[in-house]
Amino acid sequence: MVIKSFQINMMKKLTFILLFVSTSFAQSKAYEFFNSFADIAEEVNESVVTITTTNTVQLDRDVQNFYRYWGREIPDEYESKSLGSGVIVDDENAYIVTNHHVIFDERSQKPVEEIKVQLLDKRIFEATVIGLDKATDLAVLQIEADDIKAVDLGDSEAVRVGEWVIAIGSPFSASLSHTVTAGIVSALGRNDVMNNLNTYQNFIQTDAAINPGNSGGALLNMNGELIGINAAIASGGGRANAGIGFAIPSTMVKKVMNDLITKGYVVRSFLGIYMQDINEDLYETLELQTRNGAIVSDIVEGSPASKSDLVEGDVIVSFEGKEISNGSELKNLVSSTDPGSRVKLGIYRDNKLSLIHISEPTRQEAISYAVFCLK
């Protein structure tokens with residue numbers, strides 16, 4: 001009996017020890033995980049900047065006449081200020097990436113008159129525009145500054161839905177600069193965010209809090225690497241965060257940034273097709289074998305596609321071995337390919353899968369564009 005009682009007591013003590021150790025280990029891992037947010041913020045904060053812009057806006061003559069008719073004088077022009085964020089991507093040349101819409105005036109269709117960049121240490125510099133790309137909503141600025149730090153570029157292609165991310169920017173006010181928020185990657189490859197056929201959309205969706213002023217700021221992975229530039233929010237009609245934010249992936253940022261710095265414009269390849277996404281009606285009417293891909297509805301004369309075996313009605317389902325789900329995804333893949341490349345398309349024709357090769361000519365235009373339309 002004594003032996004049995006001793007064994008029971010030992011088992012209870014052992015169970016308690018195991019529970020204590022496992023609980024302590026779990027608490028230690030949780031502390032270590034959440035402490036990493038602070039480590040990343042400390043490491044990357046100085047690479048994120050606050051951008052303030054100033055622009056003179058001319059009041060519409062009809063508006064002025066309306067007020068003057070009722071005996072009220074108003075000025076012919078007024079000074080407009082706006083706020084955004086940016087990320088230092090090259091400390092040697094002091095290059096900063098931000099959003100096109102942060103430093104571009106849609107009324108005058110040119111960059112704003114004055115761009116000021118404020119660093120974490122409160123230093124302020126006037127910025128010069130190196131290049132703009134409205135199609136991806138990206139811009140590159142440059143300041144004359146020493147003792148600055150660039151962020152490490154990550155691989156957005158390796159990002160997975162559900163992984164933790166951190167957003168840093170200046171929401172609403174310069175006094176709220178370097179606000180750090182955290183969340184997860186909610187989805188990848190979002191392309192119906194902006195209703196504009198002349199844009200290249202491949203957004204990372206996140207529930208990390210992003211608000212007006214965060215535009216151009218950093219989206220980081222848990223290694224502290226830049227995986228996206230925050231660009232837009234979906235707020236259900238309001239202006240505040242509703243848990244749905246969008247960031248331009250770093251692979252797109254890197255390509256556009258390099259082109260703008262080295263050439264002053266973005267070089268894009270094209271196939272020369274009009275295409276249509278597959279909906280349920282098309283799937284049933286055409287008796288297709290897949291709901292993924294894009295249907296070729298027309299081919300531009302003299303284009304690379306017109307010189308290949310591609311025909312109207314083909315369903316493009318892969319590009320260089322990578323499966324595509326819709327036309328927007330294909331558009332992004334084609335545009336990022338080097339001009340002059342020979343590419344391989346996977347297509348369904350008569351419900352049979354086959355491969356087609358297309359050689360793309362080199363584009364020489366100063367500002368190139370893709371001949372793509374999603375009908």
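Tutor: Let's start with Ala-94, which counts as buried because its relative accessible area is 2%. Here buried means under 20% relative accessible area, exposed means over 50%, and partly exposed is in between (1.4 Å probe, protein chains only). Before we go on, this is a predicted model, where local features need pLDDT of at least 70, side-chain atom pairs count only at pLDDT 80 or more, and totals for chains, interfaces and linings use all residues. Residues are numbered from 1 along each chain as its sequence is written, and side-chain values use heavy atoms, with hydrogens and water left out.

Back to Ala-94: you'll find it in the loop between S2 and strand S3 (95-98). Strands (E, at least two residues) and helices (H or I, at least four) are DSSP runs, numbered from the N terminus. The curious thing about Ala-94 is its backbone: phi is positive, about 60 degrees, although the residue is not a glycine. Most residues other than glycine have a negative phi.

Lys-122 isn't a glycine either, and its phi is positive at about 80 degrees. It sits in a loop too, between strand S6 (114-118) and strand S7 (124-126). But Lys-122 is exposed, because its relative accessible area is 57%.

With 5% relative accessibility, His-100 counts as buried. Leave aside its neighbours within four places in sequence, and His-100 is in contact (heavy atoms within 4.5 Å) with residues including Leu-132, Asp-137 and Leu-138. Ile-248 touches Asp-137 and Leu-138 as well, and Asn-99 is also among its contacts beyond four places in sequence.

Leu-138 and Ile-248 lead us to the largest nonpolar core, which has 30 residues. A nonpolar core is a set of buried Ala, Val, Leu, Ile, Met, Phe, Trp, Tyr and Cys residues joined through side-chain atoms within 4.5 Å. Leu-138 and Ile-248 are among the residues with the most contacts inside this core, and so is Val-97. Its largest share, 5 residues, comes from H4. Buried residues of H4 include Met-252, Val-253 and Leu-260.

H4 (residues 250-262) also passes a simple length check: at 1.5 Å a residue, its 13 residues should span 18 Å, and its end C-alpha atoms are 18 Å apart, which agrees. The expected span is 1.5 Å times one less than the number of residues. Just after H4 comes another positive phi, about 90 degrees, at Gly-264.
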